[in-house]
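Please look through the sequence and the model below before reading on. The report that follows takes up a few places in turn, beginning with a single residue and then widening to the surrounding elements.

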Amino acid sequence: MSLRLSTVILPVDRWHEGGRAKWQRAEELGFHAAYTYDHLSWRTFRDGPWFGALPTLTAAATATDRLRLGTLVTSPNFRHPVTLAKELISLDDISGGRVTLGIGAGGNGFDATALGQEAWTPKERADRFAEFVPLLDQLLTEDAVTESGSFYSADEARNIPGCVERPRLPFAVAATGPRGLKLAACHGQAWVTTGDPKLYETGTPEQSVEALRGQVERLGKACADADREVAGLDKILLTGFTPDRGRPLESVDAFVDFAGRHQELGFTEIVIHWPIAGSDFAANQAVFDKIATEALTQLG
C-alpha cells in the first residue's frame, strides 16, 4: 500500500485570523487528511488560545471539498458516547462523509480533571475506553440504542439518519497496550501510535524504530486473535513524539529517510504537525510545504 501523508492543525488560531487559511492550504498542498487535537487545553498551549475540535472541524468541512478531516484523538476524559455520536453524525453529514474519528483512552493532562473529577488511573482509563468504543460503534450504526454499562449508558438514543459513510465513519484507535490493541482489532479501521513515550527524552531513533516494530507485531497478534487480517487495518504514525522530534521536517531528504524507515514497518499514513512558531512544533513553512508536495514521489 502506498504511503499517505497527513497533517495535524492545532486549534490555536481564530478562524478568521488564519484558522480557515491553514485548512484550505492543507487541501491545496494535497494532504490526505488534516486532523486536530480534541482537548480542552493542552500542555504549553494551556494559557493561550485553544478552540474546540468539533466546531473547528465543522468549519473546516465547509471551507474544503476533498480533504479528510478528523480528531487525533478524542478520549473519554470529557466526552460521552451518546452526545459525541450526535455531534459526529452531524459533522459527517456536513463534510459529505470525510470524517475519521481518532479515539484513545486519554491521559493525565488538563482534560483529566477539567470537569472537577479526580484523574483516573491507567486501569480506570482502560476500563472506560473498553466500554466507550463499543457503545459509540453501536450508536453510529444503529437508529436507536439502549444499553446499560458500568460507566456509559444509552436510553433509546436516536441517531437517524446515521453516517454518510456506511456502516459508519471510520475509527482510528490509538493504543499500545493489549486491551487497546484488541479494541483497534475489533472496532478500528485504522490504528494510531506516537511511538514509545519512554524513549522520547533519552532514546535513539533506532530504538524507536524497534519499539514501533514491536507495537506493529503486537497489533498483528491482536488482529489474529480477532480473526482479522492486520493488512486490512491502516497504521498511522503521529510524528513529533519520537526521539527524532522535529528533525524529519528539516528537509525533504530528512523526511523521506524518516518516512521510508517507518513505511518499511508497515505504516500506511504519517501525520506531521503544521508549523507553529515558538513551540515544540516550530518548523520552516517553506520546507514543510515542499515536503507535502514532493516527499511522497520519492518514496514511490
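## A buried histidine

In this predicted model, H187 counts as buried, because its relative accessibility is 17% and the cut-off for a buried residue is under 20%. H187 belongs to helix α5, which covers residues 178-187, and the side chain of H187 makes a polar contact of 2.9 Å with the side chain of D137.

Once neighbours within four places in sequence are set aside, the residues in contact with H187 are V133, P134, D137, R168 and F171.

## The barrel

The strands β1-β2-β3-β4-β7-β8-β9-β10 form, in that order, a closed barrel of eight strands with parallel pairing. From one strand to the next, the twist averages 25°. Helix α1, made of residues 19-28, packs on the sheet, where it touches β1 (4-8), β2 (33-36) and β3 (68-74), and the direction of α1 makes about 150° with that of β2.

Two of the pairings can be followed in more detail. Strand β4 (residues 99-103) runs parallel to strand β7 (residues 171-174), and three bridges join them. Strand β8 (residues 190-193) likewise runs parallel to β9, in this case with four bridges, and A190 has D234 in β9 as its bridge partner. Strand β9, residues 234-238, is largely enclosed by the rest of the structure, because four of its five residues are buried.

## Helix α8

Helix α8, residues 285-299, lies across β1 and β10 (269-273) and runs at about 160° to β1.

At the N-terminal end, α8 is capped by N284, which has a side-chain oxygen 2.9 Å from the backbone nitrogen of A286; following the helix comes G300, with a positive phi near 80°.

## Helix α6 and the residue after it

Helix α6 consists of 21 residues, 205-225, which at 1.5 Å a residue should span 30 Å, and the separation of 30 Å between its end C-alpha atoms agrees with this. The buried residues in α6 are S208, V209, A211, L212, G214, Q215, V216, L219, A222 and C223, and they pack against α5, β8, β9 and α7.

After α6 comes D227, which lies in the loop between α6 and β9. Phi of D227 is positive, near 60°, although the residue is not a glycine. D227 counts as exposed because its relative accessible area is 74%, above the cut-off of 50%.

## Loops and local geometry

D13 lies in the loop between β1 and α1 and is partly exposed, with a relative accessible area of 26%. Leaving out residues up to four places away in sequence, D13 touches G18, G19, K22 and F51, and with K22 there is a polar contact of 2.6 Å between the two side chains. D13 and D65, which are 52 residues apart along the chain, have C-alpha atoms separated by 21 Å.

Cis peptide bonds occur between I160 and P161, with omega about 15°, and between R166 and P167, with omega about 5°. The loop between β6 (153-158) and β7 holds P161, and P167 is found in that loop between β6 and β7 as well. In the loop between β9 and α7, R245 has a positive phi near 50° although it is not a glycine, and R245 is partly exposed, with a relative accessible area of 34%. Lastly, S148 is in strand β5 (residues 144-148) and counts as exposed at 70% relative accessibility.

Methods: Residues are numbered from 1 along each chain as its sequence is written. Side-chain values use heavy atoms; hydrogens and water are left out. Two strands pair if DSSP finds at least two bridges between them. Helices (H or I, at least four residues) and strands (E, at least two) are DSSP runs, numbered from the N terminus. Axes are lines fitted to C-alpha atoms, for helices over the stretch in contact, and angles run from 0 to 180 degrees between N-to-C directions. Contact means heavy atoms within 4.5 Å. A polar contact is a pair of N or O atoms within 3.5 Å; within protein, one must be able to donate a hydrogen and the other to accept it, and residues adjacent in sequence count only if both atoms are side-chain atoms. Buried means under 20% relative accessible area, exposed over 50%, partly exposed in between (1.4 Å probe, protein chains only). The expected span of a helix is 1.5 Å times one less than its number of residues.
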